[in-house]
Amino acid sequence: MKKHVYDAHVHLFPNSLLKAIYYWFERAGWKIWYRDQWTPQLVSHMDSIGIKKALVLGYAHKPGMSLELNQWLHELQKSYHHLFPLGCIHQEDENIEEIVSKCLDEWNFAGMKIHALVQKTSCDDERLFPLYELVQKRERGVVIHAGTDPEETPHVGFDHFCRLMKNFPELKVQVAHLGLAETDQFLQLAEEYPHVYFDTAAIFMDKMHLPMERLRDIIMKYQDRILFGTDIPFIEEPALRQMTMLDQLHLPTEVYQKIYQDNMKKVWEIS
Ligand SMILES: [Zn+2]
């Protein structure tokens, strides 16, 4: 039976940017399964494997590009009503508050995305605090790649995230990739902060360090905090494999319902 899945972690970009990102991954030694597939193909592929709605996460690897990229995401949503953009910002952008306000207030984006690894800054960089303030005040959310997988740099890691949450305890955050490879610390911290959630994007890749025997326990214990995500298209395997592997955990039906749909509806207020 074809699935009916909500995907909380997808990346779509204009062709020129996507091409550059595919090339970057290739040089870094990644074998991206979706290489040379562009936005329309990726969207129809998502549809073909049962992804009914998705959060589309932008990110800006240099200053001065976020407004244009956010505009592109806004246009994308006009063509595809089942895609929900999260805007991007770069820590060196001059007009952070203006851009964030455009995304949240004018274009009604569900939230914003921070990619510590790509942006080469930590999530607790104080230049990003105006973004968190605006997001928190509007009760929207932010997706953050904060963990040390698939690459450890000075910008990622639990300590940065801990400091962020101390400053913004009410912030709604979706920690990408289950916070790997420091999942235990992230999960424990989430018990102190009611609005911290996690996505499962890319966790089955060989580059990630997740002992499979732990995953079932994690999902059972934090079933109200975990959202399914694929990380399409930046993965080395077809996204369908992630669903197959999750299905092999033989979780109770109501738990699958939560991670495949209900948690995303609740967290991101998507019906
Ligand atoms: Zn991602």
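A residue is called buried here if 20 or more other C-beta atoms, placed from the backbone, lie within 10 Å of its own, exposed if 12 or fewer do, and partly exposed in between. By that criterion, 45% of the 271 residues of the chain count as buried. This is a predicted model, in which local features need pLDDT of at least 70 and side-chain atom pairs count only at pLDDT 80 or more, while totals for chains, interfaces and linings use all residues. Residues are numbered from 1 along each chain as its sequence is written.

**Overall fold**
- The chain holds 11 helices and eight strands, these being DSSP runs (H or I, at least four residues, for helices; E, at least two, for strands) numbered from the N terminus.
- Along its principal axes, the C-alpha trace spans about 50 × 40 × 40 Å.

**Helices α7 and α8**
- The axes of α7 (residues 158-167) and α8 (residues 183-190), lines fitted to C-alpha atoms over the stretch in contact, come within 10 Å and cross at roughly 10°.
- With angles running from 0 to 180 degrees between N-to-C directions and those under 35 degrees counting as roughly parallel, α7 and α8 are therefore roughly parallel to each other.
- Phe-158, Phe-161, Cys-162 and Met-165 of α7 meet Gln-185, Phe-186 and Leu-189 of α8, contact requiring C-beta atoms, placed from the backbone, within 7 Å.

**Helix α6**
- In α6 (residues 129-137) the buried residues are Leu-131, Tyr-132 and Val-135.
- Their cover includes α4 (96-106), β4 (111-115) and β5 (141-145).
- After α6 comes Glu-139, which has a positive phi, near 55°.

Conventions:
Parallel < 35°, antiparallel > 145°, perpendicular 65-115°, else oblique. Contact = placed C-beta atoms within 7 Å.
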